[in-house]
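Work through the exercises below with the model open beside you. Try each task before reading its solution.

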Amino acid sequence: MAADGAQAQSVQTQSAAAPPANGAPLLELRDVDASYGKVQILHAASLAIHPGEVVSIIGPNGAGKSTVLKAVMGILRPTTGQILFDGQSITGLRPDQIVRRGIGYVPQGRIVFRDMTVAENLEMGAFTIADKGRVRPLMDRVFTVFPRLGERRTQRAGTMSGGEQQMLAMGRVLMSEPRVVLMDEPSLGLAPRFIELVFEKIGELKEAGMTLLLVEQNAAKSLSISDRGYVLELGRNRFTGSGPDLLADDRVRRLYLGG
Amino acid sequence: MDLLQVIVSGLLLGGVYALLAAGLNLIFGVMRVINLAHGELLMLGAYATFFFYDTTGLNPLLAIPLVAAAMFAGGMVLQRLTIERVVGQPLLSSLLLTFGLSTLLTGVALNLWTTNFRSVVYEPLTGSLGIGGLSISRSRLVAFAIALVVSGATYVFLRRSTWGKAIRATAQHAEVAQVCGIDVGRVRLVSFGLGSAMAATAGSLVAIVFTFNPEIGRVFIGKAFAIIVLGGLGSFVGAFLGALTLGVTETLAAYYTSTQLSEAVAYAVMVGVLLVRPSGFFGQAES
Amino acid sequence: MSRKTTVYHRGSEETAPVALSRRTLLGRAGALGVGLPLLARQSASAQGTPSPAAPPPTGEPITIGASISTTGSNGRTGQYQQEAYLLWEEQKNAAGGVLGRPVRMVIYDDQSDPATGARLYERLITEDQVNLILGPYASSVTQAVAQVTERYGQPLLVAGASAGEIWERGYRSVFGVYSIAQDYFRDIVLNIATAQGYKTAAVMYEDTIFPTSTAQGAIAHCGEAGIEVVVEEQYPAEATDVSSALTRVRDAAPDMLIGGSYLPDSVLITRQAKELGVNPKLFAFSVGAAQPDFLETLGPDANFVLGPSMWEPEIETEGNADFLAAYRAKWSRDPDYHAATGYAGCQILEAAVTSAGEINLEAITEQLFSLTMPTVLPGQYQVDETGKQTGHIPLTVQWQEGAKALVAPEDLKTGDLVLPTPPWDQRG
């Protein structure tokens with residue numbers, strides 16, 4: 001799979017492998033190369049996520065973790081390779097078209113529309129929902145997941161704390177009723193209590209059956225709630241395996257888990 | 001009473017400025033393109049209104065919706081063919097492009113219509129209303145009212161409608177707007193059309209209130225930039241207040257110094273304001 | 001793009017060929033051609049009916065060169081001047097020519113650009129080697145052209161310019177055809193205002209050369225007549241609002257409001273004066289009052305406004321009726337005064353050449369200094385030692401009930417002055 005063969009994907013204990021190996025993947029990257037300008041970031045990156053799975057991508061800085069998400073979202077166009085969603089190619093589509101297919105994305109840095117209220121931010125999340133009558137119930141559902149947002153629905157998003165903004169960014173993505181959600185470093189730069197909260201909420205989403213693809217610095221925490229994980233290094237797949245397996249793997253521990 | 005008269009004249013003047021500045025601000029906000037050809041869009045609106053009146057003899061105010069609709073469409077064509085290509089490019093690219101457009105439109109207009117000054121003088125809109133010793137120009141009052149209604153309607157559209165919110169979202173963070181499923185290319189298209197329509201409406205009002213020729217765009221674009229800087233880049237309300245401030249400052253300066261000096265004095269005052277408030281009345285630091 | 005261009009564009013100084021109102025304008029856009037030079041060929045043999053008395057001209061034609069702004073900002077006005085030149089050429093060739101020789105006009109288009117004008121005259125003199133030249137249109141172009149013609153000793157008849165500065169440069173062979181801008185308001189201030197017993201005036205003027213000249217002339221004449229200038233206000237060419245200045249004028253309540261202005265600002269001042277209730281007893285503008293467009297734009301609000309005019313069709317000057325008829329026949333439209341000044345320039349040149357008896361530039365220059373003669377313009381051709389026109393009499397016209405009346409000077413007038421101007425709120 002890897003272009004230069006040297007670092008072919010090394011699957012950990014295939015035995016205890018990912019539960020839903022059967023059935024077609026919901027989202028799949030096949031040998032995707034992607035570049036920023038002249039610098040190639042992804043080298044034949046491949047991964048697959050099945051319905052209901054929570055998958056983490058971990059790896060050192062500069063490994064291209066976020067780039068994988070941007071390539072899926074169409075923010076960065078792959079130079080080669082294919083991205084399939086629900087069996088259909090979405091390679092080369094615009095981000096808004098990809099969102100309409102059912103993929104949600106929480107960008108890094110808890111970016112909200114600062115000059116808009118909480119409710120307006122959520123409304124923007126529901127932009128693809130054609131039936132505007134459903135926006136209200138969807139918003140109420142977000143408020144049950146994130147009660148804090150409900151209390152602050154008329155507050156300008158820019159005036160909220162970082163953790164609250166991250167909750168809003170996560171709430172906003174749910175408004176489009178996505179079939180899979182991509183989250184880029186959801187815990188980055190947050191106060192410890194909010195980091196806990198973020199993972200708690202991710203756990204709740206998992207419980208509710210949401211398919212999630214996480215990119216996280218905090219590899220240990222991330223793998224612990226994931227069904228499977230991919231280890232990316234310099235834009236190449238290095239290891240893959242179930243969350244617990246990866247957590248237990250010596251090489252992964254040594255290299256990426258700081259112990 | 002004179003002072004009040006001068007202030008009222010200035011406020012009425014500010015309405016038209018506001019409409020122009022608001023459109024310019026909208027385009028900048030969404031596209032991060034400083035549209036140096038914005039004044040020429042006003043000029044085209046003025047000519048369209050003039051020719052409407054010249055051909056039909058009907059109330060020139062009836063031309064406003066037609067001209068605005070035509071310029072909405074024309075603006076979108078212009079955006080797709082030219083402006084869209086420089087979105088996301090360095091600022092210099094868009095400045096060069098829009099400067100080129102400005103020169104081109106002025107040149108074509110000069111060739112078609114000469115530097116002759118024109119004006120739409122529609123009898124019912126001449127003269128003034130006497131209100132408590134004040135003389136309020138009919139044409140300016142009507143122009144102010146229309147500018148107010150159009151600006152207000154645009155404001156409400158941007159605040160309340162889904163598309164309006166999508167425009168604001170795109171202005172605040174285009175990439176995130178895109179991953180909310182907003183087709184930001186279309187938002188840019190619509191915003192430019194909207195900004196063009198607002199400029200054209202300002203042009204219709206200019207045709208009714210002032211005399212104009214193909215070079216009028218340059219006079220007004222300078223004012224529009226001053227207003228945006230004063231009101232705060234990207235702030236709709238700020239642009240409106242900035243416009244009224246400029247109008248009043250200009251007329252007061254003309255009253256206390258001279259018409260010749262008024263513009264210089266008005267700009268000096270604005271520089272003073274910016275020294276105290278560098279980001280204008282409502283400016284927010286760009287994130 | 002510079003402000004300067006704007007100045008000159010408004011230029012067409014003597015009248016600003018402004019077309020403002022509905023009706024007149026649509027046709028005009030089409031009239032502007034592309035900027036190709038136009039070489040007017042001798043046309044007399046093709047269409048003129050030779051006068052039976054005169055023998056047909058023979059020999060080498062006398063070539064007369066000119067560049068005129070027939071396109072660009074002054075194009076519309078420039079065309080009148082060109083049409084007058086061509087009319088004269090046709091008439092002369094049909095009537096025995098000049099010195100028995102046919103005349104041939106070589107006319108280029110300077111596109112209203114002074115530098116282009118200067119270059120074209122250089123070309124006319126050095127490459128085309130025309131025998132004589134006639135002046136271009138507009139003071140800006142004329143100022144540039146005079147430097148060229150002066151260098152080659154070609155006498156220049158300034159048939160389309162009036163800025164007084166042209167005769168302050170010490171040129172030896174530049175001759176005015178009609179009054180300088182400084183004299184435009186002479187009659188209105190010295191005769192009309194004094195006769196009415198007016199004591200105060202407000203003078204507003206655009207800060208470019210021609211309007212400033214007319215206004216400065218008015219201010220000087222006010223001083224002469226003992227009329228106090230209570231408000232003097234300059235405004236930039238691109239001014240779109242003069243309400244503050246007019247508010248001050250309203251406070252000062254002068255007897256007269258004089259505008260050193262082109263048509264757009266004349267319209268602007270009149271409209272805002274109405275809106276603000278500024279009620280002087282006399283309104284006068286350097287440009288506008290003589291222009292049909294002023295009336296078309298302002299409608300009844302144009303009434304009572306006075307202004308100078310260099311020529312009017314109905315005046316009974318020598319040959320004017322014939323000129324009017326021939327012009328209408330050839331060009332199917334009425335001449336405006338730029339046509340008349342252009343035609344007068346031809347008349348003067350012809351007289352000087354005839355008196356000199358040969359194409360000798362020095363002899364012709366001498367004749368142009370000493371000659372006094374009637375033309376189609378009011379007054380007579382007569383210049384001082386600088387070549388500045390002193391014999392032309394500017395006319396004063398006034399809009400009265402939607403028609404233009406020639407109200408001064410006494411011996412030429414066709415209507416009576418109606419003063420004082422009633423306040424705005426007492427007009428029908």
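**Exercise 1. A bridge between chains**

Which residue forms a salt bridge with Arg140(B), and how far apart are the closest N and O atoms?

Solution. Start with the conventions. The model is predicted, so to speak of local features requires pLDDT of at least 70, side-chain atom pairs count only at pLDDT 80 or more, and totals for chains, interfaces and linings use all residues. Residues are numbered from 1 along each chain as its sequence is written, chains are lettered from A and ligands numbered from 1 in the order written, and side-chain values use heavy atoms, leaving out hydrogens and water.

Now apply the rule: a salt bridge is a side-chain nitrogen of Lys or Arg within 4 Å of a carboxyl oxygen of Asp or Glu. Arg140(B) pairs with Asp241(C), and the closest N and O atoms are 2.8 Å apart. Across the interface of chain C and chain B, the rule finds 2 salt bridges.

**Exercise 2. The interface of chains B and C**

Solution. Step one is contact, meaning heavy atoms within 4.5 Å. The contact takes 44 residues from chain C and 49 residues from chain B. Of the 2 pairs of chains that touch, chains B and C have the most contacts.

Step two is buried area, the accessible area (1.4 Å probe) that two parts lose on being put together, summed over both. For chain C and chain B this is about 3900 Å², with 51% of it on carbon and sulfur atoms.

Step three is polar contacts. Each is a pair of N or O atoms within 3.5 Å; within protein, one must be able to donate a hydrogen and the other to accept it, and residues adjacent in sequence count only if both atoms are side-chain atoms. Chain C and chain B have 15 residue pairs in polar contact, both at pLDDT 80 or more.

Step four is the elements. Helices (H or I, at least four residues) and strands (E, at least two) are DSSP runs, numbered from the N terminus. Those of chain C that give two or more residues to the side touching chain B include α1 (3-11), β7 (228-235) and α10 (263-276).

**Exercise 3. The interface of chains A and B**

How many residues does the contact take from chain B and from chain A?

Solution. Chain B gives 20 residues and chain A gives 23 residues. The area buried between them is about 2000 Å², and carbon and sulfur atoms give 63% of that. In chain B, Gln172(B), Val179(B) and Cys180(B) lose the most area to chain A, together 28% of what that side buries.

Next, count the specific pairs. There are 3 salt bridges between chain B and chain A. There are 5 residue pairs in polar contact, both at pLDDT 80 or more. On the side of chain B that touches chain A, α6(B) gives the most, with 7 residues.

Finally, check the third pair of chains. Chain A and chain C do not touch; their nearest C-alpha atoms are 37 Å apart.

**Exercise 4. The cores**

How many residues does the largest nonpolar core have?

Solution. A nonpolar core is a set of buried Ala, Val, Leu, Ile, Met, Phe, Trp, Tyr and Cys residues joined through side-chain atoms within 4.5 Å. The largest has 123 residues; Leu27(A), Leu182(A) and Phe220(B) are among those with the most contacts inside it. Helix α1 (residues 2-31) of chain B gives the most to this core, with 15 residues. Apart from it lies another core, of 109 residues, including Leu86(C) and Phe210(C).

Notes: Buried means under 20% relative accessible area, exposed over 50%, partly exposed in between (1.4 Å probe, protein chains only).
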